[in-house]
2 protein chains.
Amino acid sequence: MIETKDKILDAAERLFGERGYAETSLRHIIADAGVNLAAIHYHFGSKEDLLVQLVRRRAEPINAGRLAALDQAEAEAGPASVSVEKILEAFLLPAAEAAAKRPEMTRLMGRLHAEGCIPPGIKSYFTPMVERFIAAARRALPHLPEEELLWRLRASAGAMAFTMLEPHAPQGDYLARARQLVAFVSGGLRAPASVVEAKVEVTQ
Amino acid sequence: MIETKDKILDAAERLFGERGYAETSLRHIIADAGVNLAAIHYHFGSKEDLLVQLVRRRAEPINAGRLAALDQAEAEAGPASVSVEKILEAFLLPAAEAAAKRPEMTRLMGRLHAEGCIPPGIKSYFTPMVERFIAAARRALPHLPEEELLWRLRASAGAMAFTMLEPHAPQGDYLARARQLVAFVSGGLRAPASVVEAKVEVTQ
DNA sequence: GTCTATACTGAGATAGAC
DNA sequence: GTCTATCTCAGTATAGAC
């Protein structure tokens, strides 16, 4: 039956979102979906591949929306560089809209990002989109050395991931939270580069 | 033998730091330490309790240093509130000094923080120290609503955790990285609170 | 092509002999 | 204190029913 696959996807999406990936066993999923254990491996190959397909399905429209928003911002900016705030909005608002409909999925993706060890199948799916946003940030912050830029974006990702880990946004208003994130992260990205004086200070 | 316990601790600390907690099996640890499987449960009770004891041992001097630095900053500030930068330095510099000596441990703690699901034994150990820093931040940023303050501190923790996840600081200079973090996070914490206009914008 | 029953390997945990 | 044997449960693999 074709509905077996959907029943697995639905149950897995809910349980992964509620309990996390590692804490949800395949036997828990099949009990919830009312299917046989081997059906998962028949349809998805492995637990990890089940996760990858799940995330891709939900991330696809979000990432498409992100790239479209960045395209539009760049078109509006013309030859000038897009502002940090516009870049962050292009990245965050499509995700916030999706989060309003499906908070569990957002929470799971935040947790996956946070765990650091994202399955290759997910990472490779996000990479092209992320690369475009890194390039936009590089143009918006030309004074930052490359290493510092990449680190600051990584720190920004941490702020976003921890925000996504929260069970729910205040009053369920994910767009408000996204705008708060834009303010916080742009404040961090715009901070003056710290003077390299650490070693001097320490020996005092 | 008393050295059995130490052999387990040493092997576990190294392997957890290199491979992560979940990816390191007890059988891997005993092979490395040259002890019996049941010895771990005799000395520590469970894999999780082994982790808790490990982290506590390394975190104790760091947290003591953090509180001492905050005490000193508050003494110097007198009746005035301590600046955000001073608070962040008190929190980050003791950890950076420890990270210079033991990068793997720092990485493991970053990963544990990031995973969101910190064992209760670790969380309860950090809570009193964290509460003091939250109180200091509340005084330093009195204009922020409480909910917004807590969320911004959470986002700050995300930036720190992702920074700690990096295999190594640039040129192994953890103090320089800590100062960059102070600049980034204080920029985020100091950002003007976003106007609640999200709902208006969306309907456009 | 789909799905079920069953078995395999390795994980953490435990009881009891020494 | 230490070790052997064993238990339960995880993800995985496969043979075969329909």
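I am working with a predicted model, in which local features need pLDDT of at least 70, side-chain atom pairs count only at pLDDT 80 or more, and totals for chains, interfaces and linings use all residues. Residues are numbered from 1 along each chain as its sequence is written, chains are lettered from A and ligands numbered from 1 in the order in which they are written, and side-chain values use heavy atoms, with hydrogens and water left out.

**Chain A overall**

I looked up the secondary structure of chain A and found ten helices and zero strands. Helices here are DSSP runs of H or I with at least four residues, strands are runs of E with at least two, and both are numbered from the N terminus. Along the sequence the pattern reads α-α-α-α-α-α-α-α-α-α. I noted a box of roughly 60 × 50 × 35 Å for the C-alpha atoms of chain A, taken along the principal axes.

Chain A has 204 residues, of which 50% count as buried. Buried means under 20% relative accessible area, exposed over 50%, and partly exposed in between (1.4 Å probe, protein chains only).

Among contacts in chain A with a separation of 6 or more, 76% are between residues 24 or more positions apart.

**Interface between chain B and chain A**

How many residues of chain B are in contact with chain A? I found 42, and they meet 41 residues of chain A. The area buried between the two chains is about 3,600 Å², and carbon and sulfur atoms give 65% of it. Buried area is the accessible area (1.4 Å probe) that two parts lose on being put together, summed over both. On the chain B side, B:W151, B:F162 and B:F184 lose the most area to chain A, together 22% of what that side buries.

I counted eight residue pairs in polar contact between the chains, both residues at pLDDT 80 or more. A polar contact is a pair of N or O atoms within 3.5 Å; within protein, one must be able to donate a hydrogen and the other to accept it, and residues adjacent in sequence count only if both atoms are side-chain atoms.

Which elements of chain B give two or more residues to this side? They are helix 6 (103–115), helix 8 (146–165), helix 9 (174–190) and helix 10 (198–202). Helix 8 of chain B gives the most, with 14 residues. By type, the chain B side divides into 20 nonpolar, eight polar and 14 charged residues. Ala, Val, Leu, Ile, Met, Phe, Trp, Tyr, Cys and Pro count as nonpolar, Asp, Glu, Lys and Arg as charged, and the others, Gly among them, as polar.

**Salt bridges across the interface**

I count a salt bridge when a side-chain nitrogen of Lys or Arg is within 4 Å of a carboxyl oxygen of Asp or Glu. There are two between chain B and chain A. B:R177 and A:E147 form a salt bridge at 2.9 Å, N to O. B:R177 sits in helix 9 of chain B and is buried at 4% relative accessible area. Leaving out residues up to four places away in sequence, B:R177 touches A:E147, A:W151, B:T163, B:E166, B:A169 and B:P170.

**Salt bridges within a chain**

A:R132 and A:E74 make one at 2.8 Å, N to O. A:R132 lies in helix 7 (residues 120–140) and A:E74 in helix 4 (residues 47–77) of chain A, so the pair ties together parts 58 residues apart in sequence. A:R132 is partly exposed at 28%, and A:E74 is partly exposed at 22%. A salt-bridge network links A:D71, A:E74, A:R132 and A:R139.

Is the pair A:R177 and A:E166 buried or exposed? Both residues are buried, and their salt bridge is 3.4 Å, N to O.

In chain B, B:E148 forms a salt bridge with B:R152, with the closest N and O atoms 2.8 Å apart. Both lie in helix 8 of chain B, four residues apart, about one turn of the helix. B:E148 is buried at 4% relative accessible area, and B:R152 is buried at 0%.

How values were computed: Contact = heavy atoms within 4.5 Å.
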